[in-house]
Amino acid sequence: MPPGLAIEAHLGLADRGRGAGAWTFLTSSEGGDGERGHASLYTGQVPGSTLVAEMKMNLDKTQVARRHLGIALALFLNDLDPVSVHTLACAGCEVAEHLTRKAGAEPFSTHVLATTQDGVERDDQELLDRFDDDTNNHTLFIGWHDYMLATGTLPPEAQAFLMWYFALYPDKLNPGVNITPYERAFPNLKEKSAPERKKMLRDWIASARNDLDLMADPRTDARPLILPAE
């Protein structure tokens, strides 16, 4: 990850209060209290009588990135197959990078997804030996960050994830950025176990999904994280 990442201009955390900012739920008072049956939040429903073969999907690259990243984040939140999370997130990152460049912004995906380093071929086995679910924290961040730059919208799950990421990795922010809002939203996050960290994230998402102002905000993509065939 490159040093000095800063998205406070997009999140609006430094000078805006409760219910404000580019992503409107970024204050600790809206956090959840305990587990809330999170599985229903992260799945889309496809009518049982619908055959995918009979449906025509009108896709563009933005929709492809949204679907890849949405499923990747849903699997991540539900502690399901981290290898599939990584594969889907990387695919979403690739498309989101293209969309970000097309929008005239600078993507971050090339910093972590390059196949070579200093002209030396990457040692895939060495990477596989080091792989764990925490690797997906960074890949998901880059994909959703690029998607945000390209589209100006995020699902509430991704909004919460970006906050959670900076609470967990405050060193990824520019030194001048105030990290207090992130720490207030996810107190002592770095001291928690991995399951506890994800539970805190799921609690915030459950609270966000029940926030009518947030869900009505045009910068919030209120659709399910996993989209049905259309």
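Is F166 buried or exposed, going by relative accessibility? At 1%, F166 counts as buried (under 20% relative accessible area with a 1.4 Å probe and protein chains only; exposed is over 50%, partly exposed in between). This is a predicted model, where local features need pLDDT of at least 70 and side-chain atom pairs count only at pLDDT 80 or more, while totals for chains, interfaces and linings use all residues. Residues are numbered from 1 along each chain as its sequence is written, and side-chain values use heavy atoms, leaving out hydrogens and water.

**View 1. F141 meets F166 edge-to-face.** Ring centres sit 5.4 Å apart here and the planes make 75 degrees, so this pair is edge-to-face (rings of Phe, Tyr and Trp, the latter by its six-membered ring, pair with centres within 6.5 Å; planes under 30 degrees apart are stacked, over 60 edge-to-face, the rest tilted). The pair ties together distant parts of the chain, 25 residues apart: F141 is in helix α6 (residues 135-151) and F166 in helix α7 (residues 156-168). Helices here are DSSP runs of H or I, at least four residues, numbered from the N terminus. F141 is buried too, at 0% relative accessibility.

**View 2. F161 and Y165 make a tilted pair.** Their centres are 6.4 Å apart, with 40 degrees between the planes. Both belong to helix α7, and they are about one helical turn apart because four residues separate them. F161 comes out buried at 0%, and Y165 is buried at 0% as well.

**View 3. A cluster of rings, with a lysine over F76.** Ring pairs join F76, F141, F161, W164, Y165, F166, Y169 and Y182 into a cluster; the structure holds 11 aromatic pairs. K198 puts its charged end over the F76 ring, 3.9 Å from the centre (NZ of Lys or CZ of Arg within 6 Å of the ring centre and within 35 degrees of the ring normal).

Note on methods
Helices (H or I, at least four residues) and strands (E, at least two) are DSSP runs, numbered from the N terminus.
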